[in-house]
Amino acid sequence: MVDIATRPPIDWSTPAARARRKSRYAANRRLQAYGIAAISLAIGLLGILIISLIATGYSAFVTTRITVDFPISTEYVNPEDPARGNYRAVVKAGIEELFPNVTGPDERALGQLLTNNTQFMVRDAVVADPSVIGGKLSLSVPASDPFDQLNKGLVDRNTPEDERRVTDQQIQWFDQLEAEGRVSTPFNWGLFFNSDSRFPELAGLAGAIVGSFYALLVCFLVAFPIGIAAAIYLEEFAPRNRWTDLIEVNINNLAAVPSIVFGLLGLAVFLNFIGLPRSAPLVGGLVLALMTLPTIIIVTRASLKAIPPSIREAGLGIGASKHQMVMHHVLPLALPGILTGTIIGLAQALGETAPLLLIGMNAFITSPPGGILDAATALPTQVFIWADSPERGFVALTSAGILVLLGFLIIMNSIAIFLRQRLERSW
Amino acid sequence: MAGYAFLLIALMTTAAYLLGRGRGARIWAGGDGSKVHSLPGYHGAFVAAWVGIPAFILGLFWLFLQGPIIDQFLIASLPTSMTDGATASQINLLVSEIKNVAAGQVFKEPTPDIVAAAERYELWGQIARWAMIVVALAVMVVALSFARSRLAPRFRARNAFEHVLSGLMIFCSVVAIATTIGIVSSLVFEAWRFFTMVPVTEFLFGLRWEPQIALRDDQVAGLGAFGAIPVFTGTILIAFLAMLVATPIGIFTAIYLVEYSSDRARKIIKPIMEILAGVPTVVYGFFAVLTVAPAIREFGGLIGIAVSPNSAIAAGGVMGIMIIPFISSLSDDALNAVPRSMRDGSLALGATPSETMIKVLLPAALPGIVGGVLLGVSRAIGETMIVVMAAGLIASLTLNPLDSVTTVTVQIVTLLIGDTEFDSPKTLAAFALGLVLFLVTLCLNVIALRIVRKYREQYD
């Protein structure tokens, strides 16, 4: 018989064992604490990001308007041809009526209360309704940026006069207007219905939204059919050989190529070689399509893979051709997953900025594009332009633009999640 | 006009489908049904493919070639007094002036020659557009009559159409390869032109980067220096700072999610990480400028250290936040891929969760995690918007994170924004930088993807 060396049972209650256990548990709790700290840090940073955007951006969602009664006298505006009147003088007269005792050099400072484009707004209003000529036109006009800031409480009245953009005198005038009930702060619809402008009180996102829409439309029309067809071929038809391996590796690598390289491609090929117009949503959409293509292919292949083989075998078993089996049975079943992935890919494309900078979609354009060949900006490039602008009012506008962009992303992703939950089935 | 042409093609294709299907239906009705090979729909699809695809390809080529060809005609038709001795850019200027006049944008009174050329240009454009429609129509009619004549009871329309479909699908899968070829060839071509002006060795090993050279003779600017080492060190510094933030936070997040978190907590934390990953980079860039950089600057002032307004640490830190979800989700996948038996075995031996994690799961998942970190590095190097907004423009050779440095992507954007003259080393330098960026990220991606795949195979 072999002697088996047996050890006496370990006494877990000795102080040494207890201390060891204690330190091991402490190490365990430490690791857990590190994990919690890391997650709280990440979530906290996201919170700071969102709070700082809302804190600076909320003020751009309202605007300051001053109601002025402009005297449209026939001296300045010819009733025969209202579009050609001297509206500068009309605006001046309108302001003078509000402050009859301000004269001389102060009048210039007074004129700064209203936005620069007031004369054009008055002109448009008169052209739209020529019956006011000879009478008075009561119009609510955006205040210029410094007074917009003042009204929103973003200008500290206690700072020395030469360190702020509004003088004491101007503040007094503004307060007088406010006391007369001429200042209102409605919702800033201009943010959605105006295009870009040099003046923050007039700048809006309409051009950028339309430009982004066109670019995404082109992106979808190009990337969606090509991506699905490529994925179907690779997943269902392609023989396993060196070529298909090469295509596969290639697609995986393409998904990880930095976006700016796609911008270089667009600049060299689409603009320089083919000669498509600069800044056009068509070029932006094509570049974004090439970027989104790998995402759509990968997602589509995953959804095709998830369809059980029994469906395929059943289809083939009742005499369908391979194409019929794929088109009539596999593809419809995989479609919810494909759509979800496509929407997520398009959401990524919507937020993409760098390649659009290189093909010139960061130009200063004051009207929405009429088609895919007109010069345009996109939402993220508009945000970038505003972030670079020096005027104080553009800071709030940039944050507001980002909030709108994030809003669109949230909507797109919610649609994707909704589709996934409603339509996707597990086998 | 081009839109109408494609609309016409679409209409003709639909008509062809209906015609083919009608013919197919009549074949079915007329003959002995059991002898007909394909369903009427396939007859229609066969005819439609014949009508639509050639016309569509023709239309695309026509659109791409029409502009350059008309330009050539235009230049050839100009009086020799205008083109003799003119450089390529002068001729380009002339052509664009003619186009402006043709479009009705007249800034100064054009000369009669230019007005005549503009009229010719307009006329040729009209002719080309109508010719395109006429030619496309002719092609479609010929294709329609040919395809229709082939329809017969024993004609294998389904097989023929499926062949076309397969061809289209193969073409679509090749698009991805064509994209890569397009990227590589355009980068190599423009970079090669750059290296004929600036030697490769100077670009790769030079210590001064001052690309703002004079485009015109009367501009005041530096002589220009294209030594990219300061740009590379700046890129590496910012990417290093970003990984310093992202790697620990990402890995600890993954550890917590895998080992400690309850299902409910995971259901909340994972979407938040996805939000963090879905925020566009331009937003992070603005966040860096608006909040992080001033905060770091103020903190530096508080403890008496001078911090540059666009310090590397602000850009790198915010970039780190962007990469956290990337690292955490890849590490999470790697840790989850470790077989459950290994984890259960360790726990059954009495190891605490932390000992299981550090001594069993982490070593087993290490290749996957390393692969994820490498992919993160590749992202950090290629990231553009954060650094464009938050990092500096001047290339200074420093490793101090409080200083302002520039990166490869920042230089590409600043060199290519605005006027791009494709024969100055200034713009071509951007393509050389792009080539370096592409090659480095490609290497990192290939290595990382290979590590991740090898590691997955190990446990599958």
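Mentor: UniProt annotations may be inferred rather than shown by experiment. Please also bear in mind that this is a predicted model.

Trainee: Which residues of chain A does UniProt list for "domain: ABC transmembrane type-1"?

Mentor: The unreviewed UniProt entry lists residues 209-416 of chain A under that name. Over this stretch, the chain is 77% helix and 0% strand. The C-alpha atoms at the ends of the stretch are 20 Å apart.

Trainee: What does the domain assignment give for chain A?

Mentor: Domain bounds come from an automatic or database assignment. For chain A they are domain 1 (65-184) and domain 2 (206-423). The centres of these two domains of chain A, taken over C-alpha atoms, are separated by 47 Å. In chain B, the assignment gives domain 1 (2-181) and domain 2 (225-459), and 46 Å separate their centres, again over C-alpha atoms.

Trainee: Let us turn to a single residue. Where is Val155(A) found?

Mentor: Val155(A) lies in the loop of chain A between helix 5 (145-151) and helix 6 (168-179).

Trainee: Why is Val155(A) classed as partly exposed?

Mentor: A residue is buried with 20 or more other C-beta atoms within 10 Å of its own, and exposed with 12 or fewer. Val155(A) has 17 within 10 Å and is therefore partly exposed.

Trainee: Which residues does Val155(A) touch, not counting those up to four places away in sequence?

Mentor: Val155(A) touches Gln149(A), Leu150(A), Arg164(A) and Val166(A). Val166(A) is 11 residues from Val155(A) in sequence, and their C-alpha atoms are 8.7 Å apart in space.

How values were computed:
Residues are numbered from 1 along each chain as its sequence is written. Chains are lettered from A and ligands numbered from 1 in the order in which they are written. This is a predicted model: local features need pLDDT of at least 70, side-chain atom pairs count only at pLDDT 80 or more; totals for chains, interfaces and linings use all residues. Helices (H or I, at least four residues) and strands (E, at least two) are DSSP runs, numbered from the N terminus. Two residues are in contact if their C-beta atoms, placed from the backbone, lie within 7 Å.
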